Amino acid sequence: MVIASYAGTPAPAGAGNLSRAGEIFQLLRDGRARTRSELAASTGLARSTVAARIDALLESGMVGPAGEAASSGGRPPSRFAFNPSARTVLGVDVGATHVIVAASDLTGDVLATERHDVDIADGPTEVLSWIVTHGQNLLEKIGRDVSALAGVGIGLPGPVEHSTGKPTNPPIMPGWDGFDVPAFIQRFWDTQVLVDNDVNIMALGEQASYWPDEQNLIFVKVATGIGAGIISSGALQRGAVGTAGDLGHVRVPRGDAVRCRCGNYGCLEALASGPAVATALSRTGAAVHDGADVLQLARNGNEAARDALRQAGRDIGDVLATCVSLLNPSMIVIGGSVANEGENVMAGIREVVYRRSMPLATAQLNVVLSKAGTQAGVLGASRMVIEHVLSPASIEAIVAGA
Ligand SMILES: [Zn+2]
(Lines give C-alpha, C1' and ligand atoms only; values in the text may rest on other atoms or scores of the structure.)
Protein backbone atom coordinates (compact mmCIF):
# COMPACT_ATOMS: atom_id res chain seq x y z
CA MET A 1 0.00 0.00 0.00
CA VAL A 2 1.37 3.41 -0.92
CA ILE A 3 0.67 6.12 1.61
CA ALA A 4 1.00 9.86 1.10
CA SER A 5 4.19 10.97 2.72
CA TYR A 6 3.73 13.57 5.37
CA ALA A 7 6.32 16.19 6.20
CA GLY A 8 7.96 13.99 8.80
CA THR A 9 11.60 13.90 9.78
CA PRO A 10 13.75 12.58 6.94
CA ALA A 11 16.36 9.92 7.69
CA PRO A 12 19.68 11.63 8.29
CA ALA A 13 22.20 10.82 5.57
CA GLY A 14 24.88 8.40 6.63
CA ALA A 15 23.30 7.76 10.03
CA GLY A 16 25.08 4.40 10.11
CA ASN A 17 23.80 1.23 11.60
CA LEU A 18 20.94 2.77 13.54
CA SER A 19 19.33 4.05 10.34
CA ARG A 20 19.36 0.43 9.20
CA ALA A 21 16.81 -0.41 11.90
CA GLY A 22 14.53 2.23 10.38
CA GLU A 23 15.15 0.84 6.91
CA ILE A 24 14.41 -2.75 7.93
CA PHE A 25 11.31 -1.54 9.72
CA GLN A 26 9.99 0.18 6.55
CA LEU A 27 10.10 -3.21 4.79
CA LEU A 28 8.10 -4.79 7.61
CA ARG A 29 5.43 -2.08 7.61
CA ASP A 30 3.44 -3.95 4.96
CA GLY A 31 2.55 -6.46 7.70
CA ARG A 32 4.16 -9.44 5.99
CA ALA A 33 6.31 -11.62 8.25
CA ARG A 34 9.91 -12.19 7.14
CA THR A 35 12.95 -14.14 8.29
CA ARG A 36 16.36 -12.58 8.97
CA SER A 37 17.64 -14.10 5.71
CA GLU A 38 14.81 -12.57 3.71
CA LEU A 39 15.48 -9.17 5.28
CA ALA A 40 19.20 -9.51 4.57
CA ALA A 41 18.47 -10.37 0.93
CA SER A 42 16.05 -7.41 0.52
CA THR A 43 18.37 -4.83 2.10
CA GLY A 44 21.73 -6.17 0.99
CA LEU A 45 22.91 -6.00 4.61
CA ALA A 46 25.02 -8.66 6.34
CA ARG A 47 22.96 -11.22 8.19
CA SER A 48 24.69 -10.30 11.47
CA THR A 49 23.73 -6.64 11.00
CA VAL A 50 20.12 -7.62 10.32
CA ALA A 51 20.10 -9.84 13.42
CA ALA A 52 21.32 -6.98 15.63
CA ARG A 53 18.70 -4.56 14.21
CA ILE A 54 15.93 -7.11 14.64
CA ASP A 55 16.94 -7.59 18.27
CA ALA A 56 16.70 -3.83 18.83
CA LEU A 57 13.30 -3.67 17.09
CA LEU A 58 12.04 -6.63 19.14
CA GLU A 59 13.14 -4.93 22.33
CA SER A 60 11.28 -1.74 21.36
CA GLY A 61 8.11 -3.79 20.81
CA MET A 62 7.60 -2.28 17.33
CA VAL A 63 8.34 -5.69 15.79
CA GLY A 64 7.23 -9.01 17.24
CA PRO A 65 7.90 -12.70 16.58
CA ALA A 66 5.56 -14.17 13.94
CA GLY A 67 6.09 -17.90 13.93
CA GLU A 68 8.56 -19.87 11.90
CA ALA A 69 9.22 -20.27 8.21
CA ALA A 70 9.29 -23.70 6.57
CA SER A 71 12.57 -25.45 7.28
CA SER A 72 14.81 -26.74 4.51
CA GLY A 73 16.43 -29.01 7.08
CA GLY A 74 17.56 -28.20 10.59
CA ARG A 75 15.98 -25.65 12.94
CA PRO A 76 13.24 -23.65 11.15
CA PRO A 77 14.09 -19.93 10.88
CA SER A 78 12.05 -17.44 12.99
CA ARG A 79 9.91 -14.85 11.29
CA PHE A 80 9.21 -11.29 12.42
CA ALA A 81 6.43 -8.82 11.69
CA PHE A 82 5.39 -5.25 12.44
CA ASN A 83 3.39 -5.04 15.69
CA PRO A 84 0.71 -2.37 15.11
CA SER A 85 -0.54 -2.51 18.69
CA ALA A 86 2.87 -1.56 20.11
CA ARG A 87 1.67 2.03 20.51
CA THR A 88 -1.60 3.96 20.41
CA VAL A 89 -2.39 7.15 18.50
CA LEU A 90 -5.05 9.75 19.26
CA GLY A 91 -6.57 11.53 16.27
CA VAL A 92 -8.65 14.63 16.99
CA ASP A 93 -10.99 16.47 14.62
CA VAL A 94 -12.02 19.87 15.96
CA GLY A 95 -14.87 21.52 14.07
CA ALA A 96 -16.66 24.81 14.70
CA THR A 97 -19.21 23.11 16.96
CA HIS A 98 -17.92 19.57 17.58
CA VAL A 99 -14.88 17.56 18.61
CA ILE A 100 -14.26 13.92 17.64
CA VAL A 101 -11.45 11.96 19.31
CA ALA A 102 -10.41 8.52 18.05
CA ALA A 103 -7.86 6.07 19.43
CA SER A 104 -6.09 3.99 16.76
CA ASP A 105 -3.35 1.43 16.47
CA LEU A 106 -0.29 2.02 14.29
CA THR A 107 -2.02 0.90 11.08
CA GLY A 108 -4.68 3.57 11.61
CA ASP A 109 -7.40 1.09 12.61
CA VAL A 110 -9.79 2.95 14.89
CA LEU A 111 -10.26 1.20 18.26
CA ALA A 112 -12.67 3.64 19.94
CA THR A 113 -14.23 7.04 19.22
CA GLU A 114 -15.98 9.82 21.15
CA ARG A 115 -17.89 12.74 19.70
CA HIS A 116 -19.26 15.75 21.54
CA ASP A 117 -20.71 19.16 20.82
CA VAL A 118 -18.04 21.69 21.75
CA ASP A 119 -17.98 25.33 20.70
CA ILE A 120 -14.60 26.30 19.27
CA ALA A 121 -15.32 29.90 20.36
CA ASP A 122 -15.02 28.78 24.01
CA GLY A 123 -11.29 29.13 23.39
CA PRO A 124 -8.25 26.87 23.38
CA THR A 125 -7.98 26.15 27.14
CA GLU A 126 -11.55 24.90 27.35
CA VAL A 127 -11.48 22.87 24.11
CA LEU A 128 -8.01 21.35 24.61
CA SER A 129 -8.79 20.44 28.25
CA TRP A 130 -11.84 18.59 26.95
CA ILE A 131 -9.61 16.71 24.50
CA VAL A 132 -7.19 15.67 27.27
CA THR A 133 -10.02 14.48 29.57
CA HIS A 134 -11.82 12.51 26.87
CA GLY A 135 -8.61 11.21 25.30
CA GLN A 136 -7.71 9.83 28.71
CA ASN A 137 -11.15 8.18 28.95
CA LEU A 138 -10.69 6.57 25.55
CA LEU A 139 -7.30 5.15 26.50
CA GLU A 140 -8.79 3.67 29.68
CA LYS A 141 -11.70 2.24 27.69
CA ILE A 142 -9.35 0.30 25.40
CA GLY A 143 -7.07 -0.65 28.28
CA ARG A 144 -4.03 1.35 27.16
CA ASP A 145 -1.73 3.39 29.34
CA VAL A 146 -0.68 6.95 28.49
CA SER A 147 2.90 5.66 28.25
CA ALA A 148 1.84 3.69 25.12
CA LEU A 149 0.77 6.91 23.40
CA ALA A 150 2.84 7.45 20.22
CA GLY A 151 1.37 10.86 19.54
CA VAL A 152 -1.65 13.10 19.18
CA GLY A 153 -2.77 14.57 15.84
CA ILE A 154 -5.18 17.51 15.83
CA GLY A 155 -7.07 19.12 12.94
CA LEU A 156 -8.35 22.67 13.52
CA PRO A 157 -10.92 24.58 11.43
CA GLY A 158 -8.59 27.41 10.41
CA PRO A 159 -5.10 28.18 9.12
CA VAL A 160 -2.33 26.49 11.14
CA GLU A 161 1.44 26.92 11.02
CA HIS A 162 2.18 23.19 10.88
CA SER A 163 5.83 23.48 11.98
CA THR A 164 4.84 25.04 15.34
CA GLY A 165 1.25 23.80 15.68
CA LYS A 166 -0.02 27.35 16.20
CA PRO A 167 -3.21 28.66 14.52
CA THR A 168 -2.61 31.84 12.51
CA ASN A 169 -5.41 34.43 12.37
CA PRO A 170 -8.21 31.84 12.34
CA PRO A 171 -11.44 33.70 11.48
CA ILE A 172 -13.88 31.56 13.50
CA MET A 173 -11.62 30.76 16.47
CA PRO A 174 -11.47 33.67 18.93
CA GLY A 175 -8.59 33.32 21.40
CA TRP A 176 -6.71 30.73 19.34
CA ASP A 177 -4.44 33.02 17.30
CA GLY A 178 -0.82 32.02 18.00
CA PHE A 179 -1.85 29.64 20.82
CA ASP A 180 0.78 26.96 21.38
CA VAL A 181 -1.45 23.88 21.00
CA PRO A 182 1.34 21.24 21.33
CA ALA A 183 2.76 22.88 24.49
CA PHE A 184 -0.67 22.85 26.15
CA ILE A 185 -1.27 19.15 25.41
CA GLN A 186 2.28 18.29 26.47
CA ARG A 187 1.62 19.72 29.94
CA PHE A 188 -0.50 16.58 30.44
CA TRP A 189 1.06 14.01 28.09
CA ASP A 190 4.73 13.54 27.27
CA THR A 191 4.16 12.76 23.59
CA GLN A 192 4.38 14.11 20.03
CA VAL A 193 1.64 16.58 19.13
CA LEU A 194 1.10 17.49 15.47
CA VAL A 195 -1.45 20.08 14.37
CA ASP A 196 -2.78 20.97 10.93
CA ASN A 197 -5.70 22.58 9.15
CA ASP A 198 -8.80 20.36 9.13
CA VAL A 199 -9.08 20.07 5.33
CA ASN A 200 -5.45 18.97 4.99
CA ILE A 201 -6.12 16.29 7.58
CA MET A 202 -9.31 15.19 5.81
CA ALA A 203 -7.42 14.86 2.51
CA LEU A 204 -4.85 12.68 4.23
CA GLY A 205 -7.49 10.51 5.95
CA GLU A 206 -9.53 10.01 2.80
CA GLN A 207 -6.48 9.17 0.69
CA ALA A 208 -4.79 6.81 3.15
CA SER A 209 -7.98 4.93 4.04
CA TYR A 210 -9.77 4.69 0.70
CA TRP A 211 -7.53 5.68 -2.23
CA PRO A 212 -4.02 4.61 -1.22
CA ASP A 213 -2.90 4.26 -4.84
CA GLU A 214 -3.98 7.78 -5.84
CA GLN A 215 -0.91 10.00 -5.61
CA ASN A 216 -2.59 13.12 -7.03
CA LEU A 217 -5.78 13.82 -5.14
CA ILE A 218 -7.68 16.97 -4.23
CA PHE A 219 -10.10 16.77 -1.29
CA VAL A 220 -12.71 19.55 -1.28
CA LYS A 221 -14.69 20.30 1.87
CA VAL A 222 -18.03 22.00 1.22
CA ALA A 223 -19.67 23.07 4.47
CA THR A 224 -19.94 26.41 6.33
CA GLY A 225 -16.73 27.23 4.49
CA ILE A 226 -15.06 25.81 1.38
CA GLY A 227 -11.46 24.62 1.25
CA ALA A 228 -9.26 21.97 -0.29
CA GLY A 229 -6.43 19.70 0.78
CA ILE A 230 -3.99 18.94 -2.03
CA ILE A 231 -1.96 15.74 -2.31
CA SER A 232 0.42 16.02 -5.24
CA SER A 233 2.95 13.32 -6.20
CA GLY A 234 2.04 11.55 -2.95
CA ALA A 235 2.78 14.48 -0.64
CA LEU A 236 0.44 16.92 1.07
CA GLN A 237 1.03 20.44 -0.24
CA ARG A 238 0.76 23.24 2.33
CA GLY A 239 2.43 26.05 0.38
CA ALA A 240 4.71 28.77 1.75
CA VAL A 241 2.67 29.68 4.85
CA GLY A 242 0.14 26.84 4.95
CA THR A 243 -2.74 28.37 3.01
CA ALA A 244 -2.51 26.18 -0.12
CA GLY A 245 -5.97 24.94 -1.12
CA ASP A 246 -7.84 27.93 0.31
CA LEU A 247 -10.38 27.85 -2.53
CA GLY A 248 -13.17 29.58 -0.60
CA HIS A 249 -11.97 33.05 -1.48
CA VAL A 250 -11.27 32.53 -5.17
CA ARG A 251 -13.40 34.91 -7.22
CA VAL A 252 -16.30 33.47 -9.20
CA PRO A 253 -17.56 35.65 -12.11
CA ARG A 254 -21.24 35.18 -11.22
CA GLY A 255 -20.74 36.65 -7.76
CA ASP A 256 -19.64 40.22 -8.50
CA ALA A 257 -22.42 41.71 -6.37
CA VAL A 258 -22.11 39.27 -3.45
CA ARG A 259 -20.02 40.36 -0.49
CA CYS A 260 -18.01 37.72 1.39
CA ARG A 261 -17.29 37.69 5.13
CA CYS A 262 -13.64 38.30 4.21
CA GLY A 263 -14.59 41.74 2.83
CA ASN A 264 -14.12 40.96 -0.87
CA TYR A 265 -16.83 40.44 -3.47
CA GLY A 266 -17.61 37.31 -5.45
CA CYS A 267 -15.77 34.73 -3.33
CA LEU A 268 -16.71 31.09 -3.98
CA GLU A 269 -17.63 30.71 -0.30
CA ALA A 270 -20.09 33.63 -0.52
CA LEU A 271 -21.94 31.77 -3.30
CA ALA A 272 -21.63 28.05 -2.73
CA SER A 273 -21.14 27.36 1.00
CA GLY A 274 -24.06 25.99 3.04
CA PRO A 275 -25.00 29.38 4.57
CA ALA A 276 -24.63 31.14 1.17
CA VAL A 277 -27.00 28.73 -0.58
CA ALA A 278 -29.48 29.06 2.29
CA THR A 279 -29.38 32.87 2.12
CA ALA A 280 -29.92 32.88 -1.65
CA LEU A 281 -32.81 30.45 -1.35
CA SER A 282 -34.48 32.29 1.53
CA ARG A 283 -34.63 35.41 -0.70
CA THR A 284 -36.98 33.48 -2.96
CA GLY A 285 -39.30 32.92 0.01
CA ALA A 286 -38.14 29.46 1.14
CA ALA A 287 -38.08 28.89 4.91
CA VAL A 288 -34.40 27.90 5.17
CA HIS A 289 -31.81 29.12 7.65
CA ASP A 290 -28.75 27.01 6.98
CA GLY A 291 -27.23 24.40 4.68
CA ALA A 292 -28.95 21.55 6.55
CA ASP A 293 -32.39 23.12 5.81
CA VAL A 294 -31.52 23.33 2.10
CA LEU A 295 -30.43 19.69 2.02
CA GLN A 296 -33.64 18.64 3.77
CA LEU A 297 -35.75 20.58 1.23
CA ALA A 298 -33.84 18.98 -1.64
CA ARG A 299 -34.37 15.54 -0.15
CA ASN A 300 -38.09 16.31 0.01
CA GLY A 301 -38.04 16.93 -3.73
CA ASN A 302 -38.09 20.74 -3.70
CA GLU A 303 -36.96 21.85 -7.18
CA ALA A 304 -35.65 25.29 -6.10
CA ALA A 305 -33.46 23.71 -3.42
CA ARG A 306 -32.11 21.14 -5.88
CA ASP A 307 -31.36 23.85 -8.43
CA ALA A 308 -29.63 25.98 -5.80
CA LEU A 309 -27.38 23.05 -4.80
CA ARG A 310 -26.63 22.21 -8.42
CA GLN A 311 -25.67 25.83 -9.08
CA ALA A 312 -23.39 25.76 -6.01
CA GLY A 313 -21.79 22.68 -7.56
CA ARG A 314 -21.27 24.53 -10.85
CA ASP A 315 -19.58 27.44 -9.02
CA ILE A 316 -17.29 25.00 -7.19
CA GLY A 317 -16.64 23.22 -10.52
CA ASP A 318 -15.63 26.56 -12.05
CA VAL A 319 -12.80 26.91 -9.54
CA LEU A 320 -11.92 23.22 -9.66
CA ALA A 321 -11.52 23.34 -13.46
CA THR A 322 -8.63 25.74 -12.88
CA CYS A 323 -7.18 23.39 -10.25
CA VAL A 324 -7.37 20.53 -12.76
CA SER A 325 -5.35 22.56 -15.29
CA LEU A 326 -2.83 23.53 -12.62
CA LEU A 327 -2.35 20.24 -10.77
CA ASN A 328 -3.59 17.44 -13.08
CA PRO A 329 -5.16 15.37 -10.27
CA SER A 330 -6.40 11.83 -10.92
CA MET A 331 -9.03 12.15 -8.24
CA ILE A 332 -11.19 14.91 -6.79
CA VAL A 333 -13.02 13.90 -3.61
CA ILE A 334 -15.94 16.01 -2.45
CA GLY A 335 -16.65 15.97 1.30
CA GLY A 336 -18.10 18.17 4.04
CA SER A 337 -21.66 18.46 5.34
CA VAL A 338 -23.14 20.02 2.19
CA ALA A 339 -21.66 17.30 -0.01
CA ASN A 340 -22.78 14.48 2.24
CA GLU A 341 -26.16 14.59 0.52
CA GLY A 342 -24.24 15.09 -2.59
CA GLU A 343 -26.05 14.19 -5.78
CA ASN A 344 -27.08 17.72 -6.77
CA VAL A 345 -23.82 19.37 -5.78
CA MET A 346 -21.85 16.57 -7.45
CA ALA A 347 -23.84 16.85 -10.66
CA GLY A 348 -23.02 20.57 -10.87
CA ILE A 349 -19.33 20.02 -10.14
CA ARG A 350 -18.96 17.21 -12.70
CA GLU A 351 -20.86 19.17 -15.35
CA VAL A 352 -18.46 22.12 -15.23
CA VAL A 353 -15.19 20.30 -14.51
CA TYR A 354 -15.57 17.95 -17.47
CA ARG A 355 -16.82 20.68 -19.80
CA ARG A 356 -14.15 23.23 -18.92
CA SER A 357 -11.06 21.05 -18.60
CA MET A 358 -8.91 19.77 -21.45
CA PRO A 359 -9.73 16.18 -22.48
CA LEU A 360 -6.23 14.96 -21.67
CA ALA A 361 -6.52 16.25 -18.09
CA THR A 362 -9.89 14.60 -17.52
CA ALA A 363 -9.16 11.32 -19.30
CA GLN A 364 -7.92 9.80 -16.03
CA LEU A 365 -9.89 12.04 -13.65
CA ASN A 366 -12.52 10.75 -11.24
CA VAL A 367 -14.78 13.09 -9.27
CA VAL A 368 -16.25 11.18 -6.34
CA LEU A 369 -18.02 11.69 -3.03
CA SER A 370 -16.01 11.21 0.16
CA LYS A 371 -16.10 7.66 1.47
CA ALA A 372 -14.62 8.59 4.84
CA GLY A 373 -17.47 11.04 5.45
CA THR A 374 -17.48 12.43 9.01
CA GLN A 375 -14.52 10.16 9.91
CA ALA A 376 -12.12 11.78 7.40
CA GLY A 377 -10.76 14.20 10.01
CA VAL A 378 -9.86 11.68 12.74
CA LEU A 379 -8.52 9.18 10.21
CA GLY A 380 -6.25 11.86 8.79
CA ALA A 381 -5.16 13.20 12.19
CA SER A 382 -4.12 9.66 13.19
CA ARG A 383 -2.41 9.11 9.84
CA MET A 384 -0.40 12.33 10.26
CA VAL A 385 0.99 11.02 13.56
CA ILE A 386 1.59 7.48 12.25
CA GLU A 387 3.59 8.68 9.24
CA HIS A 388 5.68 10.77 11.60
CA VAL A 389 6.33 8.19 14.33
CA LEU A 390 7.02 5.32 11.90
CA SER A 391 9.43 7.31 9.73
CA PRO A 392 12.95 5.84 9.60
CA ALA A 393 14.30 8.66 11.79
CA SER A 394 11.65 8.18 14.48
CA ILE A 395 12.16 4.40 14.51
CA GLU A 396 15.89 4.92 14.96
CA ALA A 397 15.17 7.19 17.92
CA ILE A 398 12.82 4.61 19.46
CA VAL A 399 15.34 1.80 18.94
CA ALA A 400 18.17 3.90 20.34
CA GLY A 401 16.13 4.53 23.48
CA ALA A 402 14.85 0.98 23.83
ZN1 LIG B 1 -13.96 35.81 0.72
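Buried means under 20% relative accessible area, exposed over 50% and partly exposed in between, with a 1.4 Å probe and protein chains only. These close-ups come from a predicted model, where local features need pLDDT of at least 70, side-chain atom pairs count only at pLDDT 80 or more, and totals for chains, interfaces and linings use all residues. Residues are numbered from 1 along each chain as its sequence is written, and side-chain values use heavy atoms, with hydrogens and water left out.

**View 1. Four residues hold the zinc ion in a tetrahedral site.** Here the protein donors (N, O and S atoms within 2.8 Å of the metal, or 3.2 Å for Na, K and Ca) are His 249 through ND1, plus Cys 260, Cys 262 and Cys 267 through SG. They sit 2.0 to 2.3 Å from the zinc ion. The angles among the four donor atoms run from 106 to 118°, and tetrahedral asks for all angles between 85 and 135 degrees.

**View 2. The zinc ligands read H-x10-C-x1-C-x4-C along the sequence.** His 249 and Cys 267 are 18 residues apart, and the pair links distant parts of the chain. As for disulfides (cysteine sulfur atoms within 2.5 Å of each other), the whole structure has zero.

**View 3. Phe 179, Phe 184 and Phe 188 make up one aromatic cluster.** The whole structure has three aromatic pairs, meaning Phe, Tyr or Trp rings (six-membered ring for Trp) with centres within 6.5 Å, stacked under 30 degrees between planes, edge-to-face over 60 and tilted for the rest. Phe 179 and Phe 184 have ring centres 6.0 Å apart and planes at 50°, so that pair is tilted. Phe 184 also teams up with Phe 188, again tilted, at 5.5 Å centre to centre and 50° between the planes. Phe 184 is buried at 5% relative accessibility, whereas Phe 188 is partly exposed at 44%.

Conventions. Four donors count as tetrahedral if all angles lie between 85 and 135 degrees; four count as square planar and six as octahedral if opposite donors are over 155 degrees apart and all others between 65 and 115; anything else is irregular. Helices (H or I, at least four residues) and strands (E, at least two) are DSSP runs, numbered from the N terminus.
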